[in-house]
Amino acid sequence: MHDTRQRRLAAQAASDRILSGARPATMRDHLAALAEGGDLDDQPDFYGDGPVATLEERVAELLGVEAAVFFPTGTMAQQVALRYGAESSGHRTAALHPLGHQEVHERHAHAHLGGLRSTWPTTMPRNPTADEISALAEPVSTVVFELPLRDAGFVLPSWGELVAACDAARAIGARVHFDGARIWESGPYLAHTLSEIVGLADSSYVSFYKTLGGISGAALAGTTELAAYARVWRHRYGGQLFQQWP
């Protein structure tokens, strides 16, 4: 498997065109990019100020939200978003997709760490529809949409379907959270800007290494109230790192 991975990375690096994701980069490539793209004579961040705070401000402006909070991993960011929804609403159940990242790739952290339950509006290989959300048999704190739904084949709803589903979630008293790890690539199909897409949700998670080619990291974007809560829980989850400026 290791040899197959190395062959795939070598083929991607030598290709003239890559249809998805970022071109593989060596550690030297990353260091060279850092040297070209930033003020290396400035001080690094200390527990999230300086360059990290600048990044948070840029992301919030790009997405058209009040605030964004940097997280070392998307898994951590999403757990905080679901916890916020549960504590805000008093409901410990979140509406997730069985093929969604929280259920398949995060080892059910929302349950083991947050004490939350999940319910599935649909098992079809797509995000839930407005009718399916309206038909939920129990109150939920948050309805999660993964844009695109990766394990279903990178499936996106139409813009109209997404708007209707978000409206249905709010009609049942739930927050809307976007798992937007790959939302950077979703705009052309949805035919709307990033700020218009993110504007449908109460909170959104975005990744810095998927599509964008960053070393790692993510942001949780939304209101200033959410951001204040997220900074507290980022620390509690162990994500308040001494320095993370790369």
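Trainee: Where is the place of arginine 107?

Mentor: Arginine 107 sits in the loop between α5 (101–104) and α6 (109–112). Helices (H or I, at least four residues) and strands (E, at least two) are DSSP runs, numbered from the N terminus. This is a predicted model, with residues numbered from 1 along each chain as its sequence is written. Local features need pLDDT of at least 70, side-chain atom pairs count only at pLDDT 80 or more, totals for chains, interfaces and linings use all residues, and side-chain values use heavy atoms, with hydrogens and water left out.

Trainee: Why is arginine 107 called exposed?

Mentor: Its relative accessible area is 76%. Exposed means over 50%, buried under 20%, and partly exposed in between (1.4 Å probe, protein chains only). At 76%, arginine 107 is therefore exposed. Its backbone also has a positive phi of about 55°, although arginine 107 is not a glycine.

Trainee: What makes threonine 211 buried, partly exposed or exposed?

Mentor: Threonine 211 has a relative accessible area of 23%, so it counts as partly exposed. Threonine 211 lies in the loop between β6 (203–207) and β7. Its phi is positive too, about 75°.

Trainee: Which class does serine 216 fall in, and where does it lie?

Mentor: Serine 216 is partly exposed, at 41%. It lies in the loop between β6 and β7. Leaving out residues up to four places away in sequence, serine 216 touches Phe208 and Tyr209. Contact here means heavy atoms within 4.5 Å. C-alpha to C-alpha, serine 216 is 9.3 Å from phenylalanine 71, and the two are 145 residues apart in sequence.

Trainee: Why is β4 described as largely enclosed?

Mentor: In β4, 5 of the 5 residues are buried, so the rest of the structure largely encloses it. Both faces are covered. Thr142, Val144 and Glu146 are buried on one side, and Val143 and Phe145 on the other.

Trainee: How do you know that β4 and β5 pair?

Mentor: Two strands pair if DSSP finds at least two bridges between them. β4 and β5 have 5 bridges, in the parallel sense, so they qualify. The chain goes from β4 through α8 to β5, a right-handed β-α-β crossover. Right-handed means that, with the strands pointing away from the viewer, the path from the first strand over the helix to the second runs clockwise.

Trainee: What joins strand β2 to β4?

Mentor: 2 bridges join β2 (residues 93–95) to β4, and the strands run parallel. With 2 bridges, the pair meets the criterion of at least two. Alanine 95 has valine 143 of β4 as its bridge partner.

Trainee: What makes the Phe145 and Phe178 pair edge-to-face?

Mentor: Rings of Phe, Tyr and Trp (its six-membered ring) pair if their centres lie within 6.5 Å; planes under 30 degrees apart are stacked, over 60 edge-to-face, and the rest tilted. Here the centres are 6.1 Å apart, and the planes make 85°. The pair is therefore edge-to-face. Phenylalanine 145 lies in β4 and phenylalanine 178 in β5, so the pair ties together parts 33 residues apart in sequence.

Trainee: How many aromatic pairs does the structure hold?

Mentor: The structure holds 7. Ring pairs also link Tyr84, Tyr229, Trp233 and Tyr237 into a cluster.

Trainee: How do you know whether phenylalanine 145 and phenylalanine 178 are buried or exposed?

Mentor: Phenylalanine 145 has a relative accessible area of 1%, and phenylalanine 178 has 0%. Both values are under 20%, so both residues are buried.

Trainee: Which residues touch the most other members of the largest nonpolar core?

Mentor: Among them are Phe145, Phe178, Leu63 and Ile133. This core has 35 residues. A nonpolar core is a set of buried Ala, Val, Leu, Ile, Met, Phe, Trp, Tyr and Cys residues joined through side-chain atoms within 4.5 Å. Elements giving two or more residues include β4, β5 and α8 (159–171). The largest share, 5 residues, comes from α8. A second, separate core of 14 residues includes Ala67, Val80, Leu226 and Ala227.

Trainee: Which peptide bond is cis?

Mentor: The bond from leucine 147 to proline 148 is cis, with omega near -5°. Proline 148 is in the loop between β4 and α8.
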